[in-house]
Amino acid sequence: GCDPVLNSVSMTVSKGDFIGLIGESGSGKSTVLHLVSSLLIAQKGQLKIDGFLIDSSNVSDYRYLFSYVNQDIFMLNDTILKNIAFADANPNQAKIEDCLNKVNLTNWVKSLPNGIHTPIGELGSQISGGQRQRIAIARALYKDSEFFLFDEISNNLDEESKAEILNTMKAIKKEGKTAIFVTHNREELEICNVIYSIENNKINRKE
C-alpha cells in the first residue's frame, strides 16, 4: 500500500525516551517509524541524529542503530542461535545467552532437547507469536541496536505473550535503550514517558 502523506511532523527523541504513538488506522503511524529508521527518506524536512544530517548518502551507516520489530517477523529456517546471531559469522554464545535472558526465553530454550541449536523449523507450531517476537528482540539486542521501533507487536498475541513482551520492553527500558511504540495497549503506553497522537496528517504531543 501507499504510505499516507504526513505534513508538519516534528519530533525530538532523547536517548532513553520511550515514546507511544497512537492514531486511527491508516493515519501514518507506521510511516513515522519508516521515516525515523530511514526505511523511507522524507521528501522534505530533515532527519538528524546528534546534530548530524541523515540522508541517502550516509543512511546505511546509521541503519545498525535501529531495529524495526513488527508482527511479521522474518525467521531463518535455521537454529535459534543463527536466528539471533543472524549476520554474525562467528556467533558469541555467551552474548546470545545474555540476550535470551534479557527477553526471558532462557528457560524455554533450556527445555528444548538441543537448546539454542534447535532448528526453528522443527519447532514449527510449537513456537508462539510471543516467542517469535522475543527472538526478534533478542536479535536486535545482539546487534547492539540502540533504538527500537515496535509496530503493534502485541496485537495478535494472547494475554500471557502480551505480558512477556511487556516485561521485555521494561528490561530494554532499564538498559537505557530508546523506543517508539505504535500501540493501543494501555500497559505499553503506561511505560512510555511521551505520547504522540497522529490526527489529520499532523503529529501532536500529548502530555
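Residues are numbered from 1 along the chain as its sequence is written, and side-chain values use heavy atoms, with hydrogens and water left out. Because the model is predicted, local features need pLDDT of at least 70 and side-chain atom pairs count only at pLDDT 80 or more, whereas totals for chains, interfaces and linings use all residues.

The secondary structure of the chain consists of nine helices and eight strands, these being DSSP runs numbered from the N terminus (helices H or I, at least four residues; strands E, at least two). With a radius of gyration of 17 Å, close to the 17 Å that the globule rule gives for 207 residues, the chain is as compact as a globular protein of that length; the radius is taken over C-alpha atoms, and the rule is 2.2 Å times the number of residues to the power 0.38. The C-alpha trace spans about 55 × 40 × 35 Å along its principal axes. Of the 207 residues, 46% are buried, a term that denotes under 20% relative accessible area (1.4 Å probe, protein chains only). Among contacts with a separation of 6 or more, 71% join residues 24 or more positions apart, a contact being defined by heavy atoms within 4.5 Å.

The largest nonpolar core comprises 39 residues, and those with the most contacts inside it are Trp108, Ile137 and Phe150; such a core is a set of buried Ala, Val, Leu, Ile, Met, Phe, Trp, Tyr and Cys residues joined through side-chain atoms within 4.5 Å. The elements that give two or more residues to this core include helix 4 (93–102), helix 7 (129–142), strand 5 (147–151) and helix 8 (159–174), and helix 7 provides the largest share, seven residues. When residues up to four places away in sequence are not counted, Ile137 touches Val69, Val103, Phe148, Phe150, Ile153, Ile165, Thr168 and Ile172. Another core, of 19 residues, lies apart from the largest one and has Val32, Phe66, Tyr196 and Ile198 among its members.

Helix 1 (residues 29–36) is largely enclosed by the rest of the structure, because six of its eight residues are buried, namely Lys29, Thr31, Val32, Leu33, His34 and Val36.

A further buried site is found at Ser145, in the loop between helix 7 and strand 5, where the residue counts as buried at 0% relative accessibility. Ser145 touches Tyr64, Leu65, Phe66, Ser67, Ala140 and Lys177, again leaving aside residues up to four places away in sequence.

Terms used: Buried means under 20% relative accessible area, exposed over 50%, partly exposed in between (1.4 Å probe, protein chains only).
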